[in-house]
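Subject: Structure for you to look at

Dear colleague,

My notes on what was found in it follow below.

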Amino acid sequence: MIDLKNSVQSDIKTQEYFLNMGPQHPATHGVLRLILKLDGETVVGIEPDLGFIHRGIEKMCEYDTYRQIIHLTDRMDYLSSHINNEAVALAVEKALEVEVSDRIKVIRTMMDELTRIASHLLWWGVMGMDIGALTTFMYAFRDREMINEIMEETTGARLTMSYNIPGGVMFDLHPGFPKRVKEFIKHMRQVLPEYDRLLTGNIIFQKRMKGVGILKKEDALNWGATGPVARGSGLHTDIRKRFPYSAYDRVEFEEAVEEGGDNLARYQVRMREMYESLDILEQLVDNIPEGPYQMPMRNLIKLPKGEFYQRVETARGELGVFIVSDGKKNPYRVKFRSPGFSNLNALLKVGLGWKIADLVAIMSTFDFVIPDIDR
Amino acid sequence: MILSNANIFSQWLESTSGLGYVLVLILIAALYLGFFAVAGLMLVLMERRVAGFFQLRLGPNRVGPWGLFQTIADALKLVSKEIFIPKQADKFLYKAGYYIVIIAALIGIGVIPFSRQIQGFDINVGIFFITAVSSVGVLGILFGAWGSRNKYSLIGAMRSGLQMVSYELSAGFAVVTVVLMAGSLKMTEIVEAQQSTWFLFKGHLPAIIAFMIFIIAGTAESNRVPFDLVEGESELGAGFHTEYSGMGFAYFFLAEFINMFIIAALTSTLFLGGWLAPFGITDGLPAQWFWGMFWFFLKTGVIIFLLMWFRWTFPRLRIDQLLTLEWKYLLPVGLVNTVVMALFVWKDWLIDLGKIFGS
Amino acid sequence: MTNEELINYISAWNQDAEFQLPATGENQLIGILEDIPSPFLNIEIPASHLKTFLQRLKEDPELDFDVLFNMAGMDWGKTLGVIYFLESYTKKHAITVSVQSEDRENPLLPTVSDLWFAAHLHECEIYDMFGIRFEGHNGLKRLFLTPDFEGFPLRKDYEDDYMIIRK
Amino acid sequence: MNYFKKIAIAIKTLLQGMSVTGHYFFPNILKRKYVITRQYPDEPPVVFERFKGEVVMWHNENNEHRCTGCQACEIACPNGSIEIIWKREPDPETGKRKKMIDKHIYHLGMCTSCSLCIQACPTNAIMWSTNFHAATYDRSTLTKVLNRPGSKLMAGVEE
């Protein structure tokens, strides 16, 4: 039998070429630049070029006091800014061995979950846009707006809230907070099935997602993936379960884990996480304990000599704050282990062998926020 | 036949001779050009408003009443913009690109009968002519993309080529299904054959399948979501027209919308009875040319709205899925469907309301 | 494993041939740093034995450190260093391994990106910010900064009069 | 048969998606029922009382403020957006020369709205205003002097 495929291919001379994806590209969601090596439309090499919005936050932290670090972390992963704030606040509290009141813990947890839903909503909208369904974006933003208003009412800002301070939160909850949250939960429970009908069930969407961008379990461990990306590969990496912080030890929720490892699994993990977050909110909204919203703390915080590490689960994965203190008012070294940076690492391998359109979808399910990568 | 004499353009032409004949030709051409611009702009506006309502927005509503002049303002802005050509571009191909696209779209409009009296030219291979001309447009896309020396453009154009070659087939088979019923390729005769029953209902099952295939293939041919891989803004930036600015871009944009109009107009002509009123409800009224156009544009508008509905709901296919859909689903179904239709026509299993109600 | 078990398990390796020191010097290569308060068990190892040690940490079935979840470059004043944060997904224990380079002028460490691919970008970042080169790294480059950027910003002696404002 | 089943499922899911968008479209085009657009200049935006617009200094009707010039806010600010220029002038009542603010300069362009200055202020002299019209054609207008000209310290704040 004639080997048709090879006989044809040997006659055609093909050449690999490079394509600059970004920094100005709609699918890179900011200023991520990937230099793609393409064979036709198939990606055979990915080389990242970062630093377009690198602000040197880690260096800036070395010149700031511990209170002043927090507002910088807002600007890392701006979609989970509250969780980033909390990571630093928790690290400082742990170092000083301050136990915060239950009220603070519950407030932080609720804000975390609202932030997580907001982030996942934005991701859902943009994910739809990345694969061509433009309407999802507006629907997601309609619902995200409700969270933004809850945030604005209590913290005074919609995105970069700087709500946490070491030893508590900046302001007390607004009296209208529980009511708005209840309204939001009710609304979300109505629209989430609608999202499924609009996008998840769609045959084109299923075809685009299923079996695309497979990240195997052991690879996810080795390549440094965390968060929904790792959970989509069947790993139980949720920091909220593994090392509970704030009020996560007193709420019941299920860790969303899918075994598929493909785009659809990562998508399902995030969709399920939204339901779980709603559950957590529902458990907490009715019993916010009374208590102080700020613990007494010295104005100028000095950490004892040593190394401190705090892990939290942001909407994109594990955020680690590593503080080395030499006993002065400024940290000696701060390292942020940002989820996006490690997930990008995994993308470099996952993206190989798929078409450009698939790479866009894979990047979408990895959910990058570029300031988080660049820091 | 009497029908050809009904065309007011040909009546006008016959009444003149010599230089006047040429002048009238130019006038008719100018009329079509004007229609082209207005229809294009209004379609863009419609798209934006419809998209707005789908997306819980209002769409443009500030310029003029209900935002009617928004796209005109946009067009004025685009005219006043600088046209810059990339340094490395092949200037001839770069410019030829949009002319070819727009001319192909314009010629296509020429044979579409807006009403019994209004049609640019009624040739006896009308439907065949449109199918032929509309595939010339892809040449413009290829020229423009190759000429602008951009890898994104080139990828887009190559996808466009693939898409066009594949979906022409399905569209062709859907057209053949209708032609079997009509027994003619002439546009006016196709419409007149639907006098008693529209082909969508006359051919019942095979006609409905043909209708669906034609809509899908038509969406693909006009490069709209879910088949907008040519532009694929989240993948390729703007695809084949990445490097175009000002009016160059506007031509591509307008041509895209005119192509959509042509697809919708063809659908309404082939399946929904073109200018014919449903059950002849406006047949006795004066100004038949107006009522013809009214019904025609109403039907076309509904189809256009359907296409917009697709666009604002569905995600985009991938290139290999696009080809799978065509070669594994649409084409076999279309082929079988044509044979079935031939059988139906031969055995006369069609539904003819005229015969049933015995008029 | 708990931290005590880890200490006992790992310090036993000091007796092994690969970690035995030449006659002079300190008594053992694998140092357990217990004086610095840290959430993890902190281990110090000289750069010459880093690769062997980490490989053993990863491949030992009892330890099974299969996740490198963080890497932090450090400027210790006289020397530059890297801290590896290791974790075992199955055994649920974590550890940090710190290593110091010989000098500031030409710091060179072996790469671990072949053991954990997670280190790939982290090592690029550390090279970018601290100037520590990693031997055997596939594609080491200035990740955030331009290739012709002078200096390594996260070093303590980096000076930039325009960008750094001291309060 | 599987072939046709696949087609049927595909069409069903597509129609499902269209029903969702259609469900929003038709009420929208008739009654603007689900339209969420706020037509900004015509409809005023919802401004929450805690909205962090810009830092202002509170003045009472006698043009008195509560700022003692202790510079706590200046130290607390992470970006140096607050500068306090102070002077020593004789107190009109006691005649002693004492420290008071000359200018409380605030750079809105550098402010990250972190609220640390307001937390740090011992006398609650500065606070957030809900002004969101921060856009300007000239960057220099973002540098503001918070204490009004001729204002002085309110009596009894320093105790």
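Chain D is divided into two domains, domain 1 covering residues 1-36 and domain 2 covering residues 54-153, and in this model, which is a predicted one, the C-alpha centres of domain 1 of chain D and domain 2 of chain D are 57 Å apart. In chain D you will find three helices and seven strands, and if you follow the chain from the N terminus, the elements come in the order α-β-β-α-β-β-α-β-β-β. The radius of gyration of chain D is 28 Å, well over the 15 Å that the globule rule gives for 159 residues, and chain D is therefore more spread out than a compact globule. Along the principal axes, the C-alpha atoms of chain D fill a box of roughly 100 × 35 × 35 Å, and buried residues account for 23% of the 159 residues in the chain. Of the contacts in chain D between residues at least 6 apart in sequence, 71% link residues at least 24 apart.

Chain B is built from 16 helices and zero strands. Its radius of gyration is 21 Å, close to the 21 Å that the globule rule gives for 359 residues, so chain B is as compact as a globular protein of that length. The C-alpha atoms of chain B occupy a box of roughly 70 × 55 × 45 Å, again taken along the principal axes, and 49% of the 359 residues of chain B count as buried. Among the contacts in chain B between residues at least 6 apart in sequence, 79% join residues at least 24 apart.

Helix 8 of chain B is mostly covered, with 24 of its 32 residues buried, and after the helix comes B:Gly183, whose phi is positive, near 75°.

In chain C, please look at strand 3, residues 67-75: nine of its nine residues are buried, so the strand is largely enclosed by the rest of the structure. Strand 3 of chain C runs antiparallel to strand 4 of chain C, residues 80-87, and eight bridges join the two; C:Leu68, for instance, stands opposite C:Leu86 in strand 4 of chain C. The hairpin that these two strands form has four residues between the strands, and in it C:Gly77 takes a positive phi near 90°.

Finally, there are the contacts that chain A makes. Towards chain B, 26 residues of chain A are in contact with 22 residues of chain B. The elements of chain A that give two or more residues to this side include strand 1 (17-21), helix 5 (102-130) and helix 6 (135-155), and by class the residues of chain A on this side are 14 nonpolar, five polar and seven charged. The contact between chain A and chain C takes 29 residues from chain A and 25 residues from chain C. Helix 13 of chain A gives the most to the side that touches chain C, with five residues, and that side of chain A has 11 nonpolar, nine polar and nine charged residues.

With best wishes

How values were computed. Residues numbered from 1 in each chain as written. Chains lettered and ligands numbered in written order. Predicted model: local features only at pLDDT ≥ 70, side-chain atom pairs only at ≥ 80, totals over all residues. Domains from an automatic or database assignment. Contact = placed C-beta atoms within 7 Å. Nonpolar A, V, L, I, M, F, W, Y, C, P; charged D, E, K, R; others polar. Buried ≥ 20, exposed ≤ 12 C-beta atoms within 10 Å, placed from the backbone. Rg over C-alpha atoms; globule rule 2.2 N^0.38 Å. Pairing = 2+ DSSP bridges.
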